[in-house]
Amino acid sequence: MANTDFDPSQLSISQQEALGTYTAVTNQEPAAAIPLLERSQWNVQIAIAKFFDGEAPDPVEEARASLASSPAPPSQSSRQETLMNGFSRSTRPQTRSRLDPAPRIVPQPENQNLYRPPFLLTLLFTPFNLLYRLLSGSLRLFTYLFPFLPRLLSGSAGGRVQPRRPRDTSGRKPLNPRDTAARFAREFEEEYGQHDLKFFENGYAQAYDLAKKDLKFLLVILLSPEHDDTSTFVRGTLLSPEVVSYINDPQNKIILWAGSVQDSEAYQVSTALNCSKFPFAALVAHTPQDSSTSMSTIGRISGLVPPSAFVPRLQSAISRHSAALERARASRNEQQATRNLREEQNSAYERSLAQDRERARQRREEEESRLRAEREAKAKAEAAERQTQNLEQWRLWKAQSIPPEPTSSGDEITRVSIRMTSGERIVRKFRAEADIEELYAFVECYDILSNSSASSTVAEPSNYEHQYRFRLVSPLPRMVYDLASGETIGSKVGRSGNLLVEPIDDEDS
């Protein structure tokens with residue numbers, strides 16, 4: 001017996017996997033799926049087939065129910081009392097009428113290859129195949145030469161001839177369900193003209209699945225073109241205004257599927273629905289009182305029925321099962337609403353989690369940017385401080401290498417008047433053969449030289465290349481004394497000259 005309370009912890013690992021696979025395919029609630037899986041011995045394939053094809057009644061359970069409901073045999077004393085006193089009592093067991101299940105029919109074309117053996121197996125049975133063809137060909141030749149033998153053999157067998165399956169002589173080409181439905185609709189319109197019926201434009205299995213999914217009524221119409229009452233039924237009943245209006249009414253929730261028994265699919269449907277007379281109409285619907293997946297035939301209409309009787313019979317069948325379908329529809333809507341609410345909550349949680357992750361990422365990036373900016377600023381400050389220290393050390397070192405001002409005069413001496421950036425004018429003598437770089441070094445280290453005192457020797461800073469942030473120019477005519485020329489002071493300035501110190505901006509460097 002199926003458990004009504006759903007507790008996942010009571011299921012084994014294999015049962016939980018089977019439940020997950022079944023609910024993923026059928027989209028059914030676990031509480032409703034467990035009873036069907038238990039009835040299917042936890043076989044997922046059998047449970048899915050029962051869900052889509054409908055669950056047939058269990059013969060064992062029916063036999064048990066019939067034995068339980070059958071009355072006990074009367075005892076010998078009661079029989080004697082009945083015979084002597086004329087005591088009689090009718091014992092009629094109460095039985096509940098059960099609807100016939102409506103199976104899901106998937107047409108299988110007769111010319112479709114169901115199985116193709118492997119190549120090695122075909123090669124293995126090739127000698128037997130050749131022997132069978134040889135014997136069958138010899139037998140056909142023998143019966144052709146002696147045609148009276150089969151009749152004699154059949155007569156000696158008592159006239160019992162094995163019935164043969166009738167061959168399809170209509171010449172209709174087998175098509176897939178969608179094309180078969182389109183061909184039927186086209187032939188129906190060519191035969192009976194324009195109409196307002198809305199036939200389902202696909203196979204019976206698809207209409208069956210749609211009726212089961214949307215909890216609607218599936219009205220199946222099966223016609224036999226060779227039957228005498230077909231034309232009268234279609235023109236007088238099926239295409240009558242009251243029948244068309246009732247079928248097309250959206251409130252009745254009817255899906256109309258029709259077919260000709262000349263087609264393989266419609267013929268299989270007629271066999272499955274126990275069609276005994278044409279024209280035939282059957283009403284198929286979900287019966288939740290039997291099981292959560294069952295589809296049953298809730299009404300049949302056979303033969304030529306007028307519209308005045310056709311519509312009331314449909315109304316009666318639909319009214320008897322509308323309440324159960326409404327309850328099932330309400331339960332399914334409630335389950336869907338619960339599922340949607342859960343999905344919305346999960347979506348909102350995922351969005352909130354994504355926003356929190358985005359804010360955390362932004363905070364992390366801002367912190368990383370702040371730390372990177374602090375590191376860069378610290379590195380720049382350290383580089384600037386190191387540059388200042390190296391510059392000061394280089395000026396001290398360079399001031400040691402500048403020779404003192406010569407005291408003599410003559411051709412070997414150049415007298416230079418330098419106007420500093422502060423406006424101070426300095427006049428000094430330099431050796432004429434000295435490099436122009438000595439003049440630049442004097443200007444760079446002038447404050448140290450002017451305040452020079454005995455100090456210890458300073459070494460040249462390592463990994464430092466000094467760049468002068470000024471240039472020396474002569475005012476009239478303007479001439480820049482560049483260090484790159486590598487000339488001497490005498491060749492550049494002459495015996496005397498006036499020079500200006502111009503600072504070099506970053507844009508000019």
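Analyst: Two strands pair if DSSP finds at least two bridges between them. Strands (E, at least two residues) and helices (H or I, at least four) are DSSP runs, numbered from the N terminus. This is a predicted model, where local features need pLDDT of at least 70, side-chain atom pairs count only at pLDDT 80 or more, and totals for chains, interfaces and linings use all residues. Residues are numbered from 1 along each chain as its sequence is written, and side-chain values use heavy atoms, with hydrogens and water left out.

User: In which sense do E6 and strand E10 pair?

Analyst: Parallel: five bridges link E6 to E10 (residues 496-503), and Val 416 stands opposite Gly 497 in E10. With strand E7 (residues 425-431), E6 runs antiparallel over seven bridges. Ser 417 has Val 427 in E7 as its bridge partner. E6 and E7 make a hairpin with five residues between them, and Gly 423 in the turn has a positive phi of about 100 degrees.

User: How many residues of strand E6 are buried?

Analyst: Buried means under 20% relative accessible area; exposed is over 50%, and partly exposed lies in between (1.4 Å probe, protein chains only). Five of the seven residues of E6 (residues 413-419) are buried.

User: What kind of aromatic pair do Phe 188 and Tyr 192 form?

Analyst: Rings of Phe, Tyr and Trp (its six-membered ring) pair if their centres lie within 6.5 Å; planes under 30 degrees apart are stacked, over 60 edge-to-face, the rest tilted. The structure holds 15 aromatic pairs. Phe 188 and Tyr 192 are tilted, at 4.9 Å centre to centre and 50 degrees between the planes. Both residues are buried.
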